[in-house]
Amino acid sequence: MIAQVEDSPDVIRAQGLEVGYRGRPIWREATFGIRRGEFVAVIGPNGAGKTTMFRMLLGLQRAWAGRVEVFGEVPRRGNPRIGYVPQRHSIDQETHVECESLVRLGISGTRWGPGFAARSEREAASAALSAVGASDLAHKAIGTLSGGELQRVFLAEALVGEPEMLLLDEPLSNLDLRRSRDLVDLVARLVHARNVTTLLVAHDINPLIHCLDRVIYIANGRVATGTPSEVLTSESLSALYGLPIEVLHDSRGNVVIVGGEGDRGAESG
Ligand SMILES: Nc1ncnc2c1ncn2[C@@H]1O[C@H](COP(=O)(O)OP(=O)(O)OP(=O)(O)O)[C@@H](O)[C@H]1O
Ligand SMILES: [Mg+2]
């Protein structure tokens, strides 16, 4: 029998991956695959290494051990196939840059390349703003936006280069429950309409759980992956933390994780 050439549909493949800073390990033995078009939540407590995971996929952070491939290649900086929204805390109120100009920044260095005319740039930016339901914000200064509006505009900036993968680092922080659900529904629609593989870091899994294909749970130096029903169980999380953890479901169907880092109430991270 002829050996089959391996034809994995995975767009991210990690094998025995380990990372750390200045001699201090952050997490190790991460082995997982993410398929094209999957919507993945990355959860775990503060400092667990979620942002570090994104930095590895973006080619900004070297592995200590193991290997990782994105689209079948070693990650490289500035890959136009990836749209990235970094974790942010605040925008200076005095920032007078218009939303459309911010979104246009997402074009430079993308597949459109230099020489993409200013008019086409404006058209691409306004199409991206429209895709996130933010056309009316095009000429507002970013310093004047609410948290939810700002997240939509950042999402438009990440989408404008028509990426095949989106990495969104805590896009729901500072959003109320309703705004969180609206943003998650918007991202889920984009994931499915464009078949964009999307990884989203969140501290609360509940606004996301209904539309997730997979969860990456990072805690205690370990990385667990699987479907939400595989990962979010008392057995799986207790094994991961090395401590008793209970995954409960409240009367509204919310996942409540108790133990590990202390009682986190309705938060998963
Ligand atoms: N450049 C760096 N040099 C040294 N240590 C770093 C560096 N960047 C991150 N760390 C440390 O690595 C650990 C993981 O950081 P990371 O930002 O990946 O965590 P996180 O899971 O994203 O946390 P949060 O939920 O707070 O955003 C933290 O302890 C952090 O202090
Ligand atoms: Mg982070």
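1. **Ground rules.** Residues are counted from 1 along each chain as its sequence is written, while chains are lettered from A and ligands numbered from 1 in the order in which they are written. As this is a predicted model, local features need pLDDT of at least 70 and side-chain atom pairs count only at pLDDT 80 or more, whereas totals for chains, interfaces and linings use all residues.

2. The protein chain has an average pLDDT of 87, and 90% of the residues score at least 70; pLDDT is the predictor's confidence in each residue, from 0 to 100. A contact here puts two C-beta atoms, placed from the backbone, within 7 Å. Residues 262-269 also stay under 50, though the model gives that stretch 19 contacts beyond four places in sequence. Where pLDDT is low, the predicted coordinates should not be read in detail.

3. **The overall inventory.** You'll find 7 helices and 11 strands in the protein chain. These are DSSP runs numbered from the N terminus (helices are H or I, at least four residues; strands are E, at least two). Of the 269 residues, 37% are buried, with buried taken as 20 or more other C-beta atoms within 10 Å of the residue's own, all placed from the backbone (exposed is 12 or fewer, partly exposed in between). Among contacts with a separation of 6 or more, 63% link residues 24 or more positions apart.

4. **The three-stranded sheet.** The order is E2-E1-E4, in an open, antiparallel sheet of 3 strands; two strands pair if DSSP finds at least two bridges between them. E2 (24-35) and E4 (65-70) are the edges, each pairing on one side only. Neighbouring strands are turned by 20° against each other on average, direction ignored. Axes are lines fitted to C-alpha atoms (for helices, over the stretch in contact), and angles run from 0 to 180 degrees between N-to-C directions.

5. **Around E1.** Strand E1 (residues 10-21) pairs with E2 over 8 bridges; Ile12 sits opposite Ile34, and Arg13 opposite Gly33. The two strands make a hairpin with 2 residues between them, and Arg22 in that turn has a positive phi of about 45°. Towards E4, E1 has 5 bridges, and Gln15 partners Arg67.

6. **The ligand site.** Which residues are around ligand 1? They are Tyr21, Arg22, Ile26, Gly44, Asn46, Gly47, Ala48, Gly49, Lys50, Thr51, Thr52 and Gln87, using a C-beta atom, placed from the backbone, within 6 Å of the molecule as the test. H1 supplies the largest share, 3 residues. The shell splits into 3 nonpolar, 7 polar and 2 charged residues. For that count, Ala, Val, Leu, Ile, Met, Phe, Trp, Tyr, Cys and Pro are nonpolar, Asp, Glu, Lys and Arg are charged, and the others, Gly among them, are polar.

7. **The six-stranded sheet.** The other sheet to look at is open and mixed, with 6 strands in the order E5-E6-E7-E3-E8-E9. Its edges are E5 (82-85) and E9 (222-226), and its neighbouring strands are turned by 15° on average, direction ignored. E5 runs parallel to E6 (residues 165-169) over 4 bridges, with Gly83 opposite Leu166. Helix H4 (residues 147-159) lies across both, at about 160° to E5.
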